[in-house]
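This briefing concerns a ligand site, a pocket and several backbone features. The sequence and the structure are shown first, and the points follow by topic.

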Amino acid sequence: MLLKSHTLPPITITKISHEKTDNLYLARLDQLPYPAGGNKWFKLKYNLLEAERSGIKQLITFGGAYSNHLYATAEAADYFGFQSIGIVRGEEHLPLNDTLQHCVNKGMQLFYMSREEYRRKTEADFIQRWMYEQEIPTGYLIPEGGSNAFAVEGVRELVGLLPSDTDIIATACGTGGTMAGFIAGIKSHQEVWGVAALKGADFLVNDIQSLLSGYQDTAGKNWKLLLDYHWGGYAKLPDELLSFVQQFKKEQGITLDPTYTSKLLFGLFDLADKNRLPKNKKIVVLHTGGQQAWDGLPEKKRIFLSE
Ligand SMILES: *Cc1c(COP(=O)(O)O)cnc(C)c1O
């Protein structure tokens, strides 16, 4: 199978222009030639290898209706010859939005779980019973967002593809798996910064620590979460943030995604404006993809972006 022989191609690093800092670079994961690009591919890689090693042909995972993770899993499953099942939070809405339609086009079978039940998606017994009742055949279960120990391992490898003189790696944070992978992969003089896309995301500190439990040498590593750039919550995209995305596109020629990298870059620009970025440290900011999510947004927002 292709999976094992995959050597990683170089990642394009572009300088971000900002009048107050010279140290910001963008790592274009979103341009990598993998199914769904971005960080999700790295999170899936060792999960797919594990499923293959266990002889399991079907992947089962979870996500919201605009989930980059469902999108990436559907693509990767199709590309590497797995079947896939997506358990979607909430009720079915027809016609399907572009994200879910894409999943179906890639062969993913969709099931819907009520919001109350969805909160229990990490309870193994509950999920087994729910799947049995829905007559969903068993398969390799991947948690929401793909964040587990295999994900951490996949992202950890990525650190080696970033410039060797990187001082700080900055990433957007949803479930924390990506951040945990970078923490596992950095050298002791390096740092990881995460900008949380969710409101009240203090719980991420614990989640990240438990994702790192398989790595002995992470205790003294430098990392911090920035919790104040969530804009009111996970899927919130107020006009001010949208104008920032538009401005960023005009000035840097790069489209950010509506949920994660928009908040990440806004946060870093805000710190730069306030002279709160360290001088003489090279900050490599991760463009983790996710632009597919624009297709699901209301017309007004898309028009605004394409102006
Ligand atoms: C999922 C995602 C993230 C966050 O990754 P986590 O590992 O869940 O923290 C960041 N950026 C994009 C574009 C994503 O799709």
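The model is predicted.

**Ligand site**

- The ligand is surrounded by 16 residues, and the closest are Lys 40, Lys 43, Thr 175, Thr 178 and Thr 288.
- Thr 288 places a polar side-chain atom 2.6 Å from a nitrogen atom of the ligand.
- On its own the ligand has 390 Å² of accessible area, of which the protein covers 98%.
- By residue class, the shell around the ligand holds 11 polar, 3 nonpolar and 2 charged residues.
- The ligand lies between domain 1 (2-34 + 148-306) and domain 2 (40-146), because both domains give residues to the shell around it.

**Second largest pocket**

- The space in the second largest pocket amounts to about 150 Å³.
- Its lining consists of Phe 62, Lys 121, Thr 122, Glu 123, Ala 124, Ile 127, Leu 141, Ile 142, Pro 143 and Glu 144.
- At least two lining residues are supplied by α6 (124-133), and at least two by β6 (140-142).
- The lining residues of this pocket comprise 6 nonpolar, 3 charged and 1 polar.

**Backbone features**

- A cis peptide bond joins Leu 94 to Pro 95, with omega near -5°.
- Pro 95 is placed in the loop that runs between β4 (83-89) and α4 (98-105).
- Asn 275, although not a glycine, has a positive phi of about 55°.
- The position of Asn 275 is in the loop between α11 (261-273) and β10 (283-287).
- Asn 280 is likewise not a glycine and has a positive phi, of about 60°.

Technical notes:
Residues are numbered from 1 along each chain as its sequence is written. This is a predicted model: local features need pLDDT of at least 70, side-chain atom pairs count only at pLDDT 80 or more; totals for chains, interfaces and linings use all residues. Side-chain values use heavy atoms; hydrogens and water are left out. On a 1 Å grid over the protein atoms alone, a cavity is a set of points where a 1.4 Å probe fits but cannot get out, and a pocket is an open set with protein on both sides within 12 Å along at least five of seven lines; lining residues have an atom within 4 Å of a point. Grid points are joined across faces, edges and corners, and a volume is the space filled by probe spheres set on the points. Helices (H or I, at least four residues) and strands (E, at least two) are DSSP runs, numbered from the N terminus. Ala, Val, Leu, Ile, Met, Phe, Trp, Tyr, Cys and Pro count as nonpolar, Asp, Glu, Lys and Arg as charged, and the others, Gly among them, as polar. A residue is near a molecule or strand if one of its heavy atoms lies within 4 Å of it. A polar contact is a pair of N or O atoms within 3.5 Å; within protein, one must be able to donate a hydrogen and the other to accept it, and residues adjacent in sequence count only if both atoms are side-chain atoms. Accessible areas come from the Shrake-Rupley method with a 1.4 Å probe; for residues, only the protein chains shown count as cover. Domain bounds come from an automatic or database domain assignment.
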